[in-house]
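Welcome, and thanks for opening the viewer. Please load the model, colour it by chain, and follow along one selection at a time.

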Amino acid sequence: MIKIIVGRLLQLVPVLWILLTLTFFLSKVVPGGPFSAERQATPEVIAKLNEYYGLDKPLWQQYLSYLSRVVRFDFGPSYTYQTDSVNEVIARAFPVSLLIGCLAFCIALALGVTAGVIAAVNKNKLWDYLPMSLAMAGICVPTFVMGPILALTFGLGLKLAPVSGWYGLNYVPLHPMVMPALTLGLFYAAYIARLTRGGMLEVLNQDFIRTARAKGVPDHQIIFKHAMRGGLLPIVAFLGPTFAGLISGSFVVEKVFNVPGLGQEFIKSVFNRDYPLILGTVVFFGVLIVIFNLVSDVLQALMDPRTRK
Amino acid sequence: MAGASVPDQIALLGDEQFVKGTSLWQDAWYRLRKNKLALFGLASFCFIALVCIVGPFFTGYTYEETELSLKASSPLDRIVLRTETRKTGEPKRSFIAFSNLGDEFLEKSRDERSTIEQKIRQGEKYEEGRFTYQLSARRHFFGTDALGRDLLTRVLVGGRISLAVGFAATIVSVVIGVLWGATAGFMGGKFDSFMMRIADILYALPFTIIVILLMVLFGRNFILLFVAIGAVEWLNMARIVRGQIISLKNQDFIEAAVSLGLSRTRILLRHLVPNVTGPIIIYATLTVPNVMLLEAVLSFLGLGVQPPLSSWGVLIDEGARAMETNPWLLWIPAAFFSLTLFSLNFVGDGLRDALDPKSSKD
Amino acid sequence: MKKLVLAVGLILIGGLIWYASSQTRTVAESRTIEEANRHKVLLLTEGSEPRTLDPQLAAGVPEHRIVVALTVGLVEDDPNDQSKEIPGLADRWEHNEDFSVWTFHIRENAKWSNGDPVTAEDFVFSYKRILTASLGAPYSDALFIIKGAEDYYHGKVKDFSQVGVKALDDHTLRIELAGPTPYFLSALLHDSWYPVNPKTILKFGAIDERDTKWTRPENYVGTGPFKIKAWRPNDVIELERNPLYWDAKTVKLNGINFYSIENEDTADRAFWAGQLHKTLTIPLNKVPYYRREHPDIIHLSPYEGVYFYRLNVERKPLDNPKVRLALNLAIDRESICRNILRADQKPATGFTPPGMEGYKPLDVMHYDPERARQLLAEAGYPNGKGFPRMKILFNTMESHRTIAEAIQQMWKEELNIDVGLENQEWKVYLESQNTFNYDISRSAWIGDFMDPVTFLTLWMTGNGNNNTHWSNPKYDELIRAAGQTGDPKARLDLLHRAEKLFLSEPPVVLVYWYVRDYLMDPSVKNWNPLVLDNHNYKFIDLESASRPR
C-alpha cells in the first residue's frame, strides 16, 4: 500500500509537467492577448508591455524561462492584479473555495447517501419514488437557477444569509459560505443519491445478502455492515474528482453570491489572458486532482477486499 | 425416460409449460414492458421528442420573428392590434399585449384608462390620434420573450438542439468512457496507471480554453460542440467503469473464463462490460442533463449555439434572470427540461432493472 | 491500518478547515445602510475589481472612480455642471490669449497624505513619469497636447526639460501646449493628469517600473479627500477620510466602501438587502418594473456615450456609402429604445451625444425605410437581391444579443437582407476588431471629457481606435484645423462640419445614446445627474433617513 501511494505521488511530476506544457501552448495559441482593451492602447504601449513581461521573446524561450521559475515554486506576477503575484492570488482565493467546497461536500454526502440508501431499501415503493423525485428535481435545477432562488429566499426574504460578499457580514446569522455550499451541495446530493441507490441495489440482490437475511440478521445490520461497503463503491470512484472540483471553486455559485474564490479567479484569468494566473491555477488544480484521485483509489481498495491482492 | 422419442418426452411433460430459451435482451424487453413507470417514461420522452421535431411547423410562428412592441407577454394574454396611419406609405401594424395596454395611455387618468380597456376587451375599436387599437385573434400559447418571439416555438426548437446535443455527446462519452475505463481496469498495473494519469491530465486541462480554441480554429460547427462536450464527460464515466471492472475481475466467473482460454478482448467485451451496464446506464442518464447544462454555460461564454437559435439551457438561463418579473420565461423551458429528464431516468431505471440478471425472477 | 488512515484523514481535513477559517475570519465591522448612514460611510459598487489604483496606469472606468477619491489634480469636478471645473490643488490660473500657455498657482496648504507639501516639481515629475514610454501607461497620449511631449515619448528628445512643463517656483506651474486648447481645464479632470508622490514612487522602484508595491494600502500616498483603509481583493476597498486633504473641512463623508460585484443581478439583490446605497446599473428586464413601482429609487440620467456598430469599409458591399446609409436608415431606433432598453435612452441621430456646451448634436439619422430601400436599389441591390450575407459581431452579453437580434430582424423586414449573428468571447472579439476580421461589429464610445473632439479624433485616418479602414482626408483636415483655432466658436463650427461629413458616408451604424440607470437610496444627498458620471465625492452626504421599502 505505501509503495503504491508513494508511486502515485511520484507520478505527480510527469503529470504536472505535461499539464503545464499543454496549457502553456494552448493558452498562447488562442487569439487575443492580455493587453487588448475596448479603448485600444497604441501599438507602442502594447509593445512596451509585451517587452516588460517577456512576451516578445520566442515561444520556446518563454516556456523555458517559465519552467525554471515554476521549479522554484514561483508562478510569476499576475497581469490582472498589478501588485500581486500568482502565488498570493491563489493563497487568498483558495481558502474561500475550500470552505465552501468542504461544506458542500458534507451536505451532498449526507443527503445523497441517506436518500440513496432509503430509496434502495424501499425499492419501487413510496419511499423510493419520493427521494428519487427530489433527487431528479435537484439535478434539473441548475446552480445558476438554484443560487438566485436561495439568495432571494434566505437572503432577501428571511434575512438569514448575505446575498453578496465575504467579509464583515456579521449582521446576519449565517456565514457567507452557507448559501453557496447549499446550492452546490443540493446539486451534487442528487447525483450521489442516484448512484448510491444503483450501487445499493446491485449489492442487495447478491447471494450473501440473502444468506444473511435467511440467517436472521436484523435489517439495519444488513444495510450498514454488509451492504454499504459494496453499495458505496461506485460513488467512491466519483467522489475523488468531485471533491477536487468542489474545493477548487465553482465559478457559477461564486459569481451568483459574489464570493472571492478560486473559481472566479480562474475564469477571469482565462478571459483576461492572464497567462501566469491561468497556468498557476491549472497546475494547482492538477495537483488536487491527482491527490484526490489517489485518495479515492485507496478508499476503493480499502473498502473492497476483492481488489486487494 | 430413456428410450422414448423426443415428441413423446414432451407429451409426457403434460401440462407443464413449454419453457422456451430466451436471450438476455429478450428477457430484458419482457421485463421492461411490465414496468409501468419505465413505459410511461419512454412514452413521454418520445412524445416530447416528436413534438420538438415536428411541432415548430405547426405553431404558426417562427423562432426568430420578433415583435418588439409586444415585449414579454404572459401565456395566452389577449393581444391588441395597433394600427398607425402614416403620412406616406402603408399604415404600420404592431401588436401590444393587453396587460401592457395601460402604458400606451400614461397621460390619461386611471378611470379613462379602464374605460378604454373595457371598450377594447369587448371587441370595439378605439382611436387616439394616428393610432387605432382593436382586439386581435393573435395568441401565444406560452407567451413571448423580451423581443416578442413566441415562446412555444422557441422552446420546441430549443428542444431539438438540446436533445441532439445531449444524446450525441452522451453517446460519445459513454463509448469512450466505457472502453477506456474497462481497458484500464482490466489491464491493471502500469497500463492502468498510464491510462488514468492521462485521464487526470485531461480532467485538469482548462476546458474553457480548449473550447475557445476549438471554436476559433474550426468555426461555429455544431458537431464540434458535441465533440467538445463529449470529450469532457467521458472522464467520470471511465473512472466509474474502471472501479467496477476492478472489483469484478477477480471474481470466479472471470477466472473461469480465463482458464477456458478466452481471449482478453472477449472476456472484456462479452463478460465484464455487460455486468457493469447497471452503473453505466445510471450514469448515462445523469450525463444527459449535465451535457445540456454544460451547453448552456458554453453559450454564455460565447461558445455555444449562435443566436437567434436557442437551447433549453440558454432559455432557462434567460428565464432565471427574468424570474422575478416574467416567471413563465423560466418555468416553461424548465418544465420541458425536467420532464425530459424524469422520463429518461424512469427509462434508465427500468432498463437497469430489466438488464440486471440477478433481479430476474423475484 | 484502516483506523490509522481514517485518523490521518480526519486530522488533515480538520487542519484544512481550521486553516481556511482562520484566513477568512470576519474582521471588518458590519455594514448595513442604517449603520453606514450613522457612521457616514457611503456604500458603492463600480462593478469589477480595479486592476490598479495608480492614477497613471489606470485604464478603465472602475479604476477612475476610485482613483478620484484618492488623488485630485489641479482642478476638480464641479458638482452641478459636468462641463465646469472648480479649483483643486490650484487655487487660481491664467492663460494667454490663444489658450496655449497656462500658468497654475498651487495653493499653500496643499498637502500629500503623508504630510509632504504639494509642489510644482511634483507635477513635473508626474508628467515625466507618464510620458516615459517604458512605463507603458495607457493614456500617455492624453498629454501629447503639451509642447514637446510626443517627441519626448518617442525618444526624439532625451531631455525632459525641453518639454513644455516648468516649475517656475515651488507653487507655480507653467504648461506650454502644442496649440490653442480652449478646453484644457476640462482635459485636466482626467486622472492621467493627476500628480503622484515622487518620494513614494522612487522608494518602491524606478520611475518607469510597473507593478511596484506603492499602491498597497499601507504605502499609498495621494492628495484626495480619502485614503485607503483596507483592500480585500474581489470583495471590498474601504476608504476613510484624509484629514490632510486641502479642503477636508468640506468633506461630509467619513468613508466610502467600494464593493466589487460583477454580476448585475447579485448587485441588485445586494441593494435590496441593504448592502449598497447605489447600484451601478439595472438588469434590463427590471427597468420597467422599477419605473412603475419604485420611481423614487430608480434614477435615469443621460450619459455621454454612444452605442453603435462599426462597419468594415474594406469589405464589399460596405465600401459603398449608399449601402452604409441604407443600413442606418432602415433601423427603427425609437422602437429599440422604447421596447427593449426602456430606460429613456435616446435614439442616436448623430455620433456626438448631446450635452456639450455650444455644440448642437447632429440630427441626421432617422428611421426612413423608404429612402433606405431606394438607396439600396441605387447601390445595385434592389429589394436586397444579391446582397452578400454578412455577420454582426458582438461580445457575449445579453443586451448586445437582444439588440443585435432586433436589428437583424429589422434589416430583414425593411431591406430584405439576411445577416447572421456571431457572439465571441471578449478577447477574441477585441482581436477580431483590431485585425479587421469582421463585417459589422458592435461598439461603444464614452467621452473622456466635455468636448466633441473626444468623439471625433478617433475617426481620423490611422487612429488606433478607428478600426474601420475609413479614411477621409477632408475630415482629417477639418479636425486638424480645429486644433489650430483659438476662437472657441469657430472651432466648434469646424468640428460640426467634420461630423456632418462623417455622417454623410458613415462607417458606422448609429443605435442609441447612453443613459446611466441605477438604483439609489434616498439617504444619499447631492448625487446630481452628471453626463460623464464624474462625481466629486467631497460634496456627497448621507442623511439618516429610513428607506420606505
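In which hand, left or right, does H4(A) pass H7(A)? Before the answer, some housekeeping. This is a predicted model, in which local features need pLDDT of at least 70 and side-chain atom pairs count only at pLDDT 80 or more, while totals for chains, interfaces and linings use all residues. Residues are numbered from 1 along each chain as its sequence is written, chains are lettered from A and ligands numbered from 1 in the order in which they are written.

**Stop one: two helices of chain A**

Select residues 86-121 of chain A, which form helix H4, and then 178-204, which form helix H7 of that chain. Helices (H or I, at least four residues) and strands (E, at least two) are DSSP runs, numbered from the N terminus. The crossing of H4(A) past H7(A) is right-handed; a crossing has that name if the near helix is turned clockwise from the far one by less than a right angle, and is left-handed if anticlockwise. The two axes come within 6 Å and cross at roughly 35 degrees. Such axes are lines fitted to C-alpha atoms, for helices over the stretch in contact, with angles running from 0 to 180 degrees between N-to-C directions. The residues of this contact comprise 23 nonpolar, four polar and two charged. Here Ala, Val, Leu, Ile, Met, Phe, Trp, Tyr, Cys and Pro count as nonpolar, Asp, Glu, Lys and Arg as charged, and the others, Gly among them, as polar.

**Stop two: where chain A touches chain B**

Now show chains A and B together. Their contact takes 44 residues from chain A and 41 from chain B; two residues are in contact if their C-beta atoms, placed from the backbone, lie within 7 Å. On the chain A side, select helix H1 (2-29), because H1(A) gives the largest share, nine residues. By class, that side has 29 nonpolar, 10 polar and five charged residues.

**Stop four: a loop in chain A**

Zoom to Asn258(A), in the loop between helix H11 (251-256) and H12 of chain A. Its phi is near 50 degrees, a positive value in a residue other than glycine. Is Asn258(A) buried or exposed? Asn258(A) is buried, with 29 other C-beta atoms within 10 Å. A residue is buried if 20 or more other C-beta atoms, placed from the backbone, lie within 10 Å of its own, exposed if 12 or fewer, and partly exposed in between.

**Stop five: chain C**

Chain C has 17 helices and 18 strands. Its radius of gyration, taken over C-alpha atoms, is 26 Å, close to the 24 Å that the globule rule (2.2 Å times the number of residues to the power 0.38) gives for 549 residues, so chain C is as compact as a globular protein of that length. Buried residues make up 51% of the chain.

Next, select Lys40(C), in the loop between helix H2 (33-39) and strand S1 (41-47). Lys40(C) has a positive phi of about 55 degrees although it is not a glycine. With 18 C-beta neighbours inside 10 Å, Lys40(C) counts as partly exposed.

Finish at Pro317(C), in the loop between strand S11 (298-311) and helix H10 (321-329) of chain C.
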